[in-house]
Amino acid sequence: MGSDKDRLGPYRSKRDFDETPEPAPGKGGDDGGRRFVIQKHDASSVHYDFRLEFDGVLKSWAVPKGPSTDPGEKRLAIRTEDHPLEYADFEGVIPQDEYGGGTVMVWDAGTYRNLRADEGENSLDMPGSLRGGLIEVWLEGEKLKGGYALKRIEPGEKSQWLLIKMDDDEADARRNPVSTQNRSVKTGRTMHQIAKAGEEKA
Ligand code: MN
């Protein structure tokens, strides 16, 4: 197993932990947990950070339009640096002059399972799926449920992927949770309320 410190090097190097309320990487380690989180992030532009726990970190993608429940809607997802496991609970305000400055909300959270683990001799674990450029997971969140695929369309350091709802019983073209369910699943707050509370603290 590679060093978690190396994996989190880019995360650490972008941030000054004396200035940002974001968590410094802790002991971390893979506890076998399979959490996912989607954080709404009002930075230079609003986007949704989709994170899957494996390899002892949160593997991360920035999704400008957020996830859809409609299998006909492909959403661009740009790979970003691995985040520490502690980040899954982070909600608050990153100071404006720091990296990623802006308000962060825990928009959805829950557990997931790797749908490619059960493909007989073609089974792939999560790291194998990531390397191969096709991840298929079943989400059990509060807002999002069912199968989601992440498909790599452009390699590179900031590789581009598509996040697509799989066509299953949880698919629903009429739902639009990004606009209709816009409160934190952690605190019930709106972005405005989180931003306000952050201002008062600063
Ligand atoms: Mn972000």
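**Manganese site, pocket and nonpolar cores**

In this predicted model, a manganese ion is coordinated at 2.2 to 2.3 Å by the ND1 atom of His-41, the NE2 atom of His-47 and the OD position of Asp-49. Because water is not among the atoms considered, the site may look incomplete.

The largest pocket holds about 390 Å³ of space. Its lining comprises 21 residues, of which His-41, His-47, Asp-49, Ala-62 and Thr-80 are the closest to the pocket centre. Strand 2 (46-54) and strand 4 (74-83) are the elements that contribute two or more residues to this lining. When grouped by class, the residues lining the largest pocket are eight nonpolar, seven polar and six charged.

In soluble globular proteins, nonpolar side chains tend to be buried together. The largest nonpolar core in the model contains 25 residues, and the members that touch the most others are Phe-50, Leu-52, Trp-61, Ile-135 and Leu-150. Strand 2 supplies the largest share of this core, namely four residues. For Ile-135, the contacts that remain when neighbours within four places in sequence are left aside are with Leu-52, Trp-61, Met-126, Ser-129, Leu-130, Tyr-148, Ala-149, Leu-150 and Trp-161.

Terms used. Residues numbered from 1 in each chain as written. Predicted model: local features only at pLDDT ≥ 70, side-chain atom pairs only at ≥ 80, totals over all residues. Heavy atoms only, no water. 1 Å grid on protein atoms, 1.4 Å probe; cavity = no way out; pocket = protein on both sides within 12 Å on 5 of 7 lines; lining within 4 Å. Points joined across faces, edges and corners; volume = space filled by probe spheres on them. Nonpolar A, V, L, I, M, F, W, Y, C, P; charged D, E, K, R; others polar. Donors = N, O, S within 2.8 Å, 3.2 Å for Na, K, Ca; no water. Core = buried A, V, L, I, M, F, W, Y, C linked by side-chain atoms within 4.5 Å. Buried < 20%, exposed > 50% of the residue type's maximum accessible area, 1.4 Å probe, protein only. Contact = heavy atoms within 4.5 Å.
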